[in-house]
Amino acid sequence: MSTLLPDYRLPEKRLPDNRSRIPYFSGLPLSRRVLVWLLFRHSLDDSQWQARVCQQFHNQNPEPDAALQWWLQQQPGYELTATRLPMLLLAAVMGALVVVGACSYSGAAPINLWLLLGLFAFLPLLMTVLACWGWRNARQSSGTLPVMAHLMFRPLLSHTSGWSASLIKPFLLWRMQWLAVAFQLGVVVGFLLLALFQDLAFAWSSTLVERGGWMDDFLVLLSTPWNWFLPAPSEALLTHSHFYRGSEGFDAELLRQWWSYIAMAMITYGLLPRVFLALWMRQTLTKQVNREMHNSGDLERFWRALKTSADAPNATLELERKPLLTAAEWSDSHIQLAWQWQPESSTVEAVLGLQNWQQEKQWLQEQAAHWEQPVTLLVTSKQVPTAELADVADAIRATNSNLAIELWLLSDGQEISEGARKSWQLFARNHGLAFAEKESAEREGGEP
């Protein structure tokens, strides 16, 4: 019976071949690049993707970008990868509405400074610090995705895995920063419009904090980042800024001067740190996406599938047809590896092409080092040559260059068509494999 491959996890390695650097992805905005890349990787989870590529680009030599664009447009959910600005506009409108509600008052008492500074300066600064901590955890963890990821990506991807979780989490956190930036920008613009069209007065009021020198020092310290062009609050402004219940009145003309300090606090503590964090996250996420594109090998697999389909034989190609193998040649003297199908023969060492490629490659590297018999790759007449099968042969050669590798085409109970025969013969010739045919009766242990 075929053996089950152990669950290996390989460290990432940079591909030496620069053909994986297809410009199609680098020309996309970062948000769309991440979503399209996830969609592309998801499309390769289909075990029949190589056959679809060969069928579409048979005897063609398409440009990589054009072929990749066509391939992605055929995937369900491609239209959902477009970057959508309405979410940013909605966040900005919500910020403006919130600040309008916070600044609404009857005029009998000034607007509390604590409310505006707390909601639109100190709280955003705290959330920015928490986002930095969350970014570190998001890049180091993988596995289960948060509920937000399932809600946003369920229409795009039918399932997620470790590789997508490690990329989606930082992507979501980065997108949330821009939503927060849009919200805070709406707050600042809304506040400035209110200050322009309404008469606002501000003071601080607290049940627990009494007026003292430390409070005046704190308000002066608050304006330190911008006091090089906007002077610190004057002594008169600080003296009359404490408002409490029962006050007979307040100097509205004096207290309205706080608007500039409040606006600068919103920008300095609420907006700018979030913008800098979003830009830094963007740079880091760009490097992460590019590194994953180069190290995953998926673009290389797709390119090799295109090359295989472009090299498919035409009707005028003439290759020597070798005779069928005898039953004596179907023996345990070969290391037999089935490709993407489950044979009935008990002599098959393993079934490849149905699990994770990195796991299978790790298994091949460990086993091939000890093999001494020739290696036989078993394929059926219903299959088509794929780039992944060529990777299997390359992995075996890289580990043990002394092994002879053969490709056996099984009839699977049907007459092998001339086109299928020539396709597999050309595939074997291009990749240095000995080629032979075998009838299904022999495959099942019977006599020819």
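Me: Which residues is Asp298 in contact with, leaving aside its neighbours within four places in sequence?
Reply: Asp298 is in contact with Trp37, Phe40, Arg41 and Leu44, where contact means heavy atoms within 4.5 Å. This is a predicted model, where local features need pLDDT of at least 70, side-chain atom pairs count only at pLDDT 80 or more, and totals for chains, interfaces and linings use all residues. Residues are numbered from 1 along each chain as its sequence is written, and side-chain values use heavy atoms, with hydrogens and water left out.

Me: OK, and where is Asp298, buried or exposed?
Reply: Asp298 is in helix H13, residues 298–310. Helices here are DSSP runs of H or I with at least four residues, strands are E runs of at least two, and both are numbered from the N terminus. Asp298 is buried, with a relative accessible area of 4%. Buried means under 20% relative accessible area, exposed over 50%, and partly exposed in between, using a 1.4 Å probe and protein chains only.

Me: How far is Asp298 from Phe40?
Reply: Their C-alpha atoms are separated by 8.6 Å, and the two residues are 258 apart along the chain.

Me: What about helix H2, how many of its residues are buried?
Reply: 14 of the 14 residues of H2 are buried, so H2 is largely enclosed by the rest of the structure. H2 covers residues 30–43, and its end C-alpha atoms are 20 Å apart, which agrees with the 20 Å its 14 residues should span at 1.5 Å a residue. That expected span is 1.5 Å times one less than the number of residues.

Me: Which residues make up the aromatic cluster?
Reply: Tyr24, Phe25, Trp37, Phe40, Trp71 and Phe302 form one aromatic cluster. Rings of Phe, Tyr and Trp (its six-membered ring) pair if their centres lie within 6.5 Å; planes under 30 degrees apart count as stacked, over 60 as edge-to-face, and the rest as tilted.

Me: And how many aromatic pairs in the whole structure?
Reply: A search of the whole structure finds 16 aromatic pairs. One of them is Trp424 with Phe427, which is edge-to-face at 5.6 Å centre to centre, with 80 degrees between the planes. Both Trp424 and Phe427 are buried.

Me: Why are Trp424 and Phe427 separated by about one helical turn?
Reply: Because they are three residues apart in helix H16, residues 418–430.

Me: What else is in H16?
Reply: Its buried residues include Ala420, Arg421, Lys422 and Ser423. Just after H16, Gly432 takes a positive phi of about 70 degrees.

Me: Switching topic: how do H14 and H15 cross?
Reply: The axes of H14 (residues 357–368) and H15 come within 9 Å and cross at roughly 35 degrees. The axes are lines fitted to C-alpha atoms, for helices over the stretch in contact, and angles run from 0 to 180 degrees between N-to-C directions.

Me: Which residues make that contact?
Reply: From H14, Trp357, Lys361, Leu364, Gln365 and Ala368; from H15, Asp391, Val392, Ala395, Ile396 and Thr399.

Me: How long is H15?
Reply: H15 (residues 387–399) has 13 residues and reaches 19 Å from its first C-alpha to its last, close to the expected 18 Å. Its buried residues include Asp391, Val392, Ala395 and Ile396.

Me: Where does Ala369 sit, and what is it in contact with?
Reply: Ala369 is in the loop between H14 and strand E5 (375–380), and is partly exposed, with a relative accessible area of 47%. Leaving aside its neighbours within four places in sequence, Ala369 is in contact with Thr399 and Asn400. The C-alpha atoms of Ala369 and Asn400 are separated by 5.7 Å, although the residues are 31 apart along the chain.

Me: And Leu337, what does that touch?
Reply: Not counting residues up to four places away in sequence, Leu337 touches several residues, among them Leu352, Trp363, Leu364 and Ile396. Leu337 is in strand E3, residues 335–339, and is buried, with a relative accessible area of 1%.

Me: Last one, how many helices and strands in the chain?
Reply: There are 17 helices and seven strands, and 47% of the 448 residues count as buried.
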